[in-house]
Amino acid sequence: LDQLVGRPCVGGLDLSSVSDLTSLCWVFPDGDNRLVLWRHFCPESVVPELISHTAGMFTDWVKSNHVTVTEGDVIDYDALHDQIAADATNYKITAFGIDPWNSAATSNWMQQNLPKVPVHRVPQGYRLSPALKEIERLIRERQFIHGANPVARWCFDAAEIKQDDEERIKVVKPDRKAIGKRIDAVPAAANAIDALLRNPPRKARKAVGFR
């Protein structure tokens, strides 16, 4: 992570409902590669459910700081905003993509605290198709360098794709009541990639050893 300090990146955010994860994703251009860093949050009230659905792995993810647990029954937006502020001191945020749903508080916070960062309200559903197809391309080309994040891997494994008659794709949730999965890391990454497609890097820079 020290190699990322001072480097330009774009952000993406998928805000949760009560029982989902909130996922914050930073994408760093690195030549042809995209270095991907996630921050995941959940309220303490859903931790027992997530521990059950992951056969206990969620406990390890919390201990390893892959998930931040906030007090209460809903996500603590102050904790999320504090993390964005901390990351803004370490990375050069060039753009930010956010799902319009329930995003007013965070959008307003961004405008007040990071006024130079353009915030894009990213339409979801099939309108996110270009970003999702770019992620698929990066994965196939082994250019999506994700640091083996276990929570993101769990989300990507659960995600399902639907395609319309125009060959546009969207990501959908599986039947959560049946299998207890979450996909929040996927739209967070797609929102970040959407911001990157809107704000392409001016100059490619390649890091060494981030694999």
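Tutor: Asn 65 sits in the loop that joins helix 2 (57–63) to strand 4 (67–70). Helices (H or I, at least four residues) and strands (E, at least two) are DSSP runs, numbered from the N terminus. The model is predicted, so local features need pLDDT of at least 70 and side-chain atom pairs count only at pLDDT 80 or more, while totals for chains, interfaces and linings use all residues. Residues are numbered from 1 along each chain as its sequence is written, and side-chain values use heavy atoms, without hydrogens and water.

Student: Is Asn 65 buried or exposed?

Tutor: Buried means under 20% relative accessible area, exposed over 50%, and partly exposed in between (1.4 Å probe, protein chains only). Asn 65 has a relative accessibility of 66%, so Asn 65 counts as exposed.

Student: What is the phi of Asn 65?

Tutor: Asn 65 is a residue other than glycine, yet its phi is positive. The value is near 65 degrees.

Student: Which loop holds Asn 102, and how does its accessibility class come out?

Tutor: Asn 102 lies in the loop between strand 5 (92–98) and helix 4 (104–113). Asn 102 is not a glycine either, and has a positive phi of about 60 degrees. Because its relative accessibility is 42%, Asn 102 counts as partly exposed.

Student: Which residues does His 81 contact, leaving aside neighbours within four places in sequence?

Tutor: His 81 belongs to helix 3 (residues 77–90). With 7% relative accessibility, His 81 counts as buried. Contact means heavy atoms within 4.5 Å, and the partners of His 81 are Ala 105, Thr 106 and Trp 109.

Student: In strand 9, what is the bridge partner of Glu 160?

Tutor: Two strands pair if DSSP finds at least two bridges between them. Strand 8 (residues 160–163) and strand 9 (residues 169–172) pair in the antiparallel sense over 4 bridges. They form a hairpin with 5 residues between them, and Glu 167 in the turn has a positive phi of about 65 degrees. The partner of Glu 160 in strand 9 is Val 172.

Student: What is the radius of gyration of the protein?

Tutor: The radius is taken over C-alpha atoms, and the globule rule is 2.2 Å times the number of residues to the power 0.38. For 211 residues, a compact globule would be near 17 Å, and the protein agrees with this at 16 Å.

Student: How many helices and strands are there?

Tutor: Buried residues make up 48% of the 211 residues. The secondary structure comes to 8 helices and 9 strands.
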